[in-house]
Amino acid sequence: MSDTDRVVDPEEVRHVADLARIDLDDEEVDRFTEQFADILEYFETLDEVPEVDEDEELANVMRPDEVRDCLSQAEALDNAPETEDGYFKGPNVS
Amino acid sequence: MTAQAVETEDLATVIGLEVHVQLETDTKIFCSCSTDVGDDEPNTHTCPVCLGLPGALPVLNEGAVEAAVKVGKAIDATIPEETTFHRKNYYYPDLPKNFQITQYGAPICQEGELEFSVEGERRAVDVRRAHLEEDPGSLQHKGGSIDTADYTLVDYNRAGTPLMEIVTKPDFRAPSEVRAFLAKLTEVLEYLGIFDATRDGSLRVDANLSIVDGSEVAEDGAVDRDVLEDANRTEVKNISSHKGAEKALAYEETRQKNAIQRGRVVEQETRHWDESKGVTLSMRSKEEEKDYRYFREADLPVLRVSDWKERIDIPELPDARRERFRTEYGLDDESADKLTSTKEVADFFEDVAEQFDPGLAATWVADELLGELNYRDMQIADVSGRFDEIERLVELVATDEITTKNARETVLREMLDDGDSPDDIVEREGLGKTSGDEIQSAVVEAIDENPDAVEDYHDGEGGAINFLVGQVMQKTGGSADPGDVNQLLRDELEG
């Protein structure tokens, strides 16, 4: 277990999994609770990065309202595990 | 009845709106895919950006920003120095990225106002904010309802269409006010040329409704913030029209009042408006605000467009135009209202008024044309390709080539029913006013052919002249004016 200030408890892991629509069993919840804490600890490393001058901030990056070619339907669906009549197909999502 | 039960008349209704409108741009908000989807095949208007493919980067559409600034100007909102985009995280397959790019802490329009009329009274509702965001894709639940479906089909053609979400303060006190507000809002958006009401899904409304004690409503209609916080409210989703909003909220108002009257507690929840059944139904509770884990969209730099408010022009808005129509053309309130109901009607009226007399133009556009369209359940847009034909009809009346009666009762109606041109109809029905010469010769003929009637006339028999008028009308196919004919006959007979 890490010694970060932020305590990750199993309840929080369940909630986050729920929001991500991921079904975790109890053993996975325990494993992820530990891993979450570890991951948060890695981020603390960023505190050690020395301060540098900020890049000049970008603003108003826009493009004109002009149509360009889209992907074909076949290209759009190319990576989909399941399709039907030109649609992406997935499970019921009530 | 329990101790808490309250009489309905002591209760006041408080409604606030979140109105989503699609902005009419050529391309999507963060990519160059065309928004002109129509009935095209599913997933034929997509690219790596709107499909959420790894590594694809959004680039903001200047046209969508311009449209948002126009909205801001029209509702007299502040365009802040700096405005930013955020990610709203939720997992639902209509969002290919599992987040929606929207605005959170610094929306592009802040603190505006919209005035409208309801039941003859002027009302103003405060707009808290209006922000830009991307539309999700569309889902089809196959093999059952949303709960019982076997599987889901997803089409991302709509994903990335620019939306503006307009959030009002809870300033509405009745469902009828909501309907009037939505009508005015869409009218203004159409005037701005950034909204197409005929497009499917162009307007979607979520409404919060709560019931408070009538004594909590101040003289000016204001309700204390704490009172509102304490009242349980429902959020009604899936409203897609002005009329639907009024019906859904009237249902919800009655449902909540009934619950309170019976001493029950109104559940704080999200409800779904079922248009076909005319009821609102409880929805499975969704995420709380904090569950959306909003954070800055790092791929979109800040926007500094407050000066665009000066740079971008907007057209004359309905209220100003109505006022001008009253003063410039001397129209009464009713005609001015009708003629500014949509920009298309107003533009057409001004075009006709310029060529002919404004009074004649007002009669023909506001009364005749809109009346006949309304009778046929048609819109002005249905005849926008035939404005030149309608102008020709007004010209035929203005130049006295056909009678007003024939123009109104025959030509206009046949134009709308059969799609023919006014000249064809006049020709076919023989409605052209007969020239003076032709009438004169018909008068002479009638007198020559009917010596008995002429004799009766000279003997002072009143019916004789009517008979002769009838003869002339027959000869001229009814296109002569009976009064004129009567006079011409008398002149001829006495002369």
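This is a predicted model: local features need pLDDT of at least 70, side-chain atom pairs count only at pLDDT 80 or more; totals for chains, interfaces and linings use all residues.
User: Which residue is the bridge partner of T83(A) in β3(A)?

Analyst: β2(A) and β3(A) pair over two bridges, in the antiparallel sense. T83(A) has its bridge partner in β3(A). That partner is F88(A).

User: Which element gives the largest share of the side of chain A that touches chain B?

Analyst: Chain A and chain B have 25 residue pairs in polar contact between them. On the side of chain A that touches chain B, α1 (10–19), β1 (62–63), α3 (73–77) and β3 (87–91) each supply at least two residues. The largest share is five residues, and it comes from β3(A).

User: How many charged residues are on the side of chain A that touches chain B, and how many salt bridges cross the interface?

Analyst: By class, this side of chain A has 16 nonpolar, eight polar and nine charged residues. Side chains of opposite charge can pair when their charged atoms come close. Across the interface of chain A and chain B, however, the rule finds no such bridge. The values are nine charged residues and zero salt bridges.

User: How much area do chain A and chain B bury between them?

Analyst: The contact takes 33 residues from chain A and 52 residues from chain B. The size of an interface is often given as the accessible area lost when the parts come together. Of the area buried here, 54% is on carbon and sulfur atoms. The total is about 3600 Å².

User: Which residue of chain B stands opposite M62(A)?

Analyst: β1(A) is joined by two bridges to strand β2 (residues 60–61) of chain B. These two strands run parallel. M62(A) faces a residue in β2(B). That residue is L60(B).

User: What pattern does chain A follow along its sequence?

Analyst: Chain A has three helices and three strands. Of its 94 residues, 19% count as buried. Among its contacts between residues at least 6 apart in sequence, 38% join residues at least 24 apart. Read along the sequence, the pattern is α-α-β-α-β-β.

User: How far apart are N and O in the salt bridge of K89(A) and E84(A)?

Analyst: K89(A) has a relative accessible area of 26%, so it is partly exposed. Its side chain meets that of E84(A) in a salt bridge. The N to O value is 3.6 Å.

User: Why are D347(B) and K343(B) separated by about one helical turn, and how far apart are their closest N and O atoms?

Analyst: Both residues lie in helix α8 (residues 343–355) of chain B. They are separated by about one helical turn because they are four residues apart in that helix. D347(B) is partly exposed at 33%, and K343(B) is partly exposed at 26%. They form a salt bridge, with the closest N and O atoms at 3.1 Å.

User: Which residues are linked with R122(B) and E115(B) in a network of salt bridges?

Analyst: R122(B) and E115(B) meet in a salt bridge at 3.0 Å, N to O. R122(B) is partly exposed at 43%, and E115(B) is partly exposed at 37%. The network also links K184(B), E187(B), D319(B), R322(B) and D337(B).

User: What separates the C-alpha atoms of E310(B) and C50(B)?

Analyst: E310(B) lies in helix α5 (residues 308–311) of chain B. Its relative accessible area is 65%, so it is exposed. E310(B) and C50(B) are 260 residues apart along the chain. Their C-alpha atoms are separated by 32 Å.

Note on methods:
Residues are numbered from 1 along each chain as its sequence is written. Chains are lettered from A and ligands numbered from 1 in the order in which they are written. Side-chain values use heavy atoms; hydrogens and water are left out. Contact means heavy atoms within 4.5 Å. Buried area is the accessible area (1.4 Å probe) that two parts lose on being put together, summed over both. A salt bridge is a side-chain nitrogen of Lys or Arg within 4 Å of a carboxyl oxygen of Asp or Glu. A polar contact is a pair of N or O atoms within 3.5 Å; within protein, one must be able to donate a hydrogen and the other to accept it, and residues adjacent in sequence count only if both atoms are side-chain atoms. Ala, Val, Leu, Ile, Met, Phe, Trp, Tyr, Cys and Pro count as nonpolar, Asp, Glu, Lys and Arg as charged, and the others, Gly among them, as polar. Two strands pair if DSSP finds at least two bridges between them. Buried means under 20% relative accessible area, exposed over 50%, partly exposed in between (1.4 Å probe, protein chains only).
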